[in-house]
Amino acid sequence: MTDEESINILNKLVPKPLDLSEMLKKCPIDEISDQNNDESTMSKPSGCPFMNGSVPPKPLRSNSVNKKFPEWQTSISVASEPVVYNEYLQLDKILNAQFPESIKYGHPAHDEHLFIVVHQAYELWFKQIIFELDSIRDLLAKPVVDERRLLVIVQRLQRINLIWKLLNDQITVLETMAPTDFIDFRGYLSTASGFQSVQFRLFENKLGLSENLRIKFNQQKYDYLFTDSDTKEKIKKSVEEPSLLKLINAWLERTPGLVTCEETENGSKEYNYLLKEYEKSVNQYLEDTYVKAAQEETNEEDRKSLLDEYKKTLDAFATIFDKEKHDKLVERGERKLSHQALWGALMIWLNRDEPRFHLPYQMLSLLTDLDAFMNRWRYNHALLAQRQVGNKSGTGGSSGYSYLRSTASDRYKIFNDIVNLSTWLIPREYLPTLNEDLKKRLNTFE
């Protein structure tokens, strides 16, 4: 076969190009009108080879019943009425809510506007944080926490932490205000103070900050500043409702694999598998690290030092192995989680690689991050106060910097027990291994 014959054969296989003008004559556009919803119109044959002889119905848009929208919006809007950006965000209220006191007294201070806007932004973010926190508490308050909802909790905790990161960065904006600029309007603030932020107190209570751990404000309870009945009721409710700490404690007490049944002569008996096995591992680790080293040590002073360190470390570990010792620390406010919950947290911490503990481990990590972000914010706030007013008293009547600095401490951390889990870790080679039954329970893929 010649090349020319081959080309001719291939050309016959290629379909002829469509004649659009001829097609439009057979299927004119005029036949497809806005009235095509009428059954008589839809049933008329059009002669169009692609429509099987019938006219296609005009596609309906989600809001085609409403003619108030521009054509370009009809494909995305499902609202019955148009929404205007300014009205939706209530910008008239927000952008006209800045009333500098210095202007009222006839001595306008430029930086007072910044001071107001930054603190208004704080309160808006506090509202969002409380909104997220309440939703997390609702999910954890269920009798059985659906593990499929843990991802939602993790996402919302991440959001709260990112907001706190933003609030820390916001302080740097206030730092652009020189102390002399603050002096220009500070005297007009009278008794107005950040201590009067109701939302911040609600957030602390909802997290689980205990009243007996708060540093007194002018030798009085923090809520004496709030006099109206509505505010007092909100604060009372935030104290009485289950806090995030309480809900996390209850959730940790139910940690899978923590309690195991053991068959004995008198029947089955429940026991804390991790506590029992971990205590053996800790004793072995301490003996290898201190006792054996002391036996091989020829210097009497060094030998005594090793044995003293062994006893000190053993006594420290006893506070997590012995429930009574742990409970005494809880009574003194040095620990917040129950004995069972502490071991639940340690179970997750040590076995984070198990599929069922992936999200719980992230949750615990985010809770410790939240404590860190808040503590950093308290400290940065204290430094800002010192920079602006030195050691002067605060506008609310507190000692100013000294008071703020004292709140940036462990007593104000809600989840410090989780942070301190690192105290009880031992080298990986000493860790107890999970039995096959536990591995199966903690593997969500089986």
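**Ground rules.** I am working from a predicted model, where local features need pLDDT of at least 70, side-chain atom pairs count only at pLDDT 80 or more, and totals for chains, interfaces and linings use all residues. Numbering runs from 1 along each chain as its sequence is written, and side-chain values use heavy atoms, with hydrogens and water left out.

**Confidence.** I looked up pLDDT (the predictor's confidence in each residue, from 0 to 100). The chain averages 84, and 78% of the residues score at least 70. I took helices as DSSP runs (H or I, at least four residues), numbered from the N terminus.

**α7 and α10.** Next I checked how α7 packs with helix α10 (residues 198-207): the angle is about 25° and the axes are 10 Å apart. Axes are lines fitted to C-alpha atoms over the stretch in contact, and angles run from 0 to 180 degrees between N-to-C directions. The two helices are therefore roughly parallel to each other (angles under 35 degrees count as such). Residues meeting here include F126 and I130 from α7, and F200 and L202 from α10.

**Salt bridges.** I find 21 in the whole structure (a side-chain nitrogen of Lys or Arg within 4 Å of a carboxyl oxygen of Asp or Glu). One joins K292 and D288, at 3.1 Å from N to O. Both lie in helix α13 (residues 273-296), four residues apart, about one turn of the helix.

Notes:
Angles under 35 degrees count as roughly parallel, over 145 as roughly antiparallel, 65 to 115 as roughly perpendicular and the rest as oblique. Contact means heavy atoms within 4.5 Å.
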